[in-house]
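Here are some notes for a first look at this structure. Please read them with the model open.

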Amino acid sequence: RNRENPVVVSPDVIAEGTVYGWLTGAKVSFIAYPFFLPSGQYIKSGYLQLLPAADIAAMKIVAIIKARMRSTRLPGKVMLPILGRPMLELMIERLRRVKQIDAVVVATTTDESCDVIETLAGRLGVGCYRGSEEDVLDRVVQASRAAQADLIVETTGDCPVIDPEVIGRVIDTFLAARVDYCSNVLERTYP
């Protein structure tokens with residue numbers, strides 16, 4: 001619920017028929033902001049299950065940044081300059097500071113306006129996946145598959161001051177607690 005104590009939801013809390021009912025399988029977990037979704041299969045119904053310790057130790061952790069140019073409130077915001085650099089570039093730089101993260105991938109849309117996002121990702125040497133603008137979850141899942149991610153740190157492209165230390169703490173809490181869901185913002189009290 002704060003920087004030192006992320007919220008942890010144990011597997012017995014996640015049950016079929018809950019809001020998390022669209023995920024299931026032997027190797028599935030989900031963590032919110034940063035969001036984590038181990039891939040391996042795209043699940044649509046059922047329950048979540050705790051991962052074996054051996055699977056946790058071998059996980060490839062990938063940060064996936066959702067970014068697009070056609071934001072309804074502020075179009076192009078991820079490319080707006082901050083201190084002379086695109087906001088998305090600052091976001092990528094901060095995620096690279098998280099020692100637990102193995103790779104960073106930008107998940108953008110197939111709309112031609114997002115070509116500039118793909119170009120930036122290439123220039124910075126991070127992955128870029130292009131998918132549906134409407135189905136954001138599918139875009140993230142497909143990006144995780146393309147990156148062969150076991151665990152996803154899901155973020156939005158408009159958080160240029162995201163704290164690498166907090167992300168690392170949430171990852172560590174998730175891995176140590178061996179839970180299905182971990183978040184530091186389930187209750188909107190975190191600054």
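This is a predicted model: local features need pLDDT of at least 70, side-chain atom pairs count only at pLDDT 80 or more; totals for chains, interfaces and linings use all residues.

1. An open sheet is built from four strands, ordered β6-β5-β2-β7, with parallel pairing. Its edge strands, β6 and β7 (151–156), each pair on one side only. From one strand to the next, the twist averages 25°.

2. Within this sheet, β2 (residues 61–66) pairs with β5 in the parallel sense over five bridges. Ala63 stands opposite Val104, which belongs to β5.

3. Helix α3 lies across β5 and β6, and runs at about 160° to β6. Helix α5 (residues 164–177) packs on the sheet and touches β2 and β7. The direction of α5 makes about 145° with that of β7.

4. Which residues of α3 (residues 115–124) are buried? They are Ile117, Leu120, Ala121 and Leu124. Viewed down the axis of α3, the buried residues fall within an arc of 100°, so they line one face of the helix.

5. The cover over the buried residues of α3 includes two strands of the sheet, β5 (103–109) and β6 (127–131). It also includes β4 (85–86) and helix α2 (87–96).

6. On the face of α3 turned away from its buried side sit Thr119, Gly122 and Arg123, which are exposed. Just after α3, Gly125 takes a positive phi of about 75°.

Definitions and conventions:
Residues are numbered from 1 along each chain as its sequence is written. Side-chain values use heavy atoms; hydrogens and water are left out. Buried means under 20% relative accessible area, exposed over 50%, partly exposed in between (1.4 Å probe, protein chains only). The arc is that of the directions from the helix axis to the C-beta atoms. Contact means heavy atoms within 4.5 Å. Two strands pair if DSSP finds at least two bridges between them. Axes are lines fitted to C-alpha atoms, for helices over the stretch in contact, and angles run from 0 to 180 degrees between N-to-C directions.
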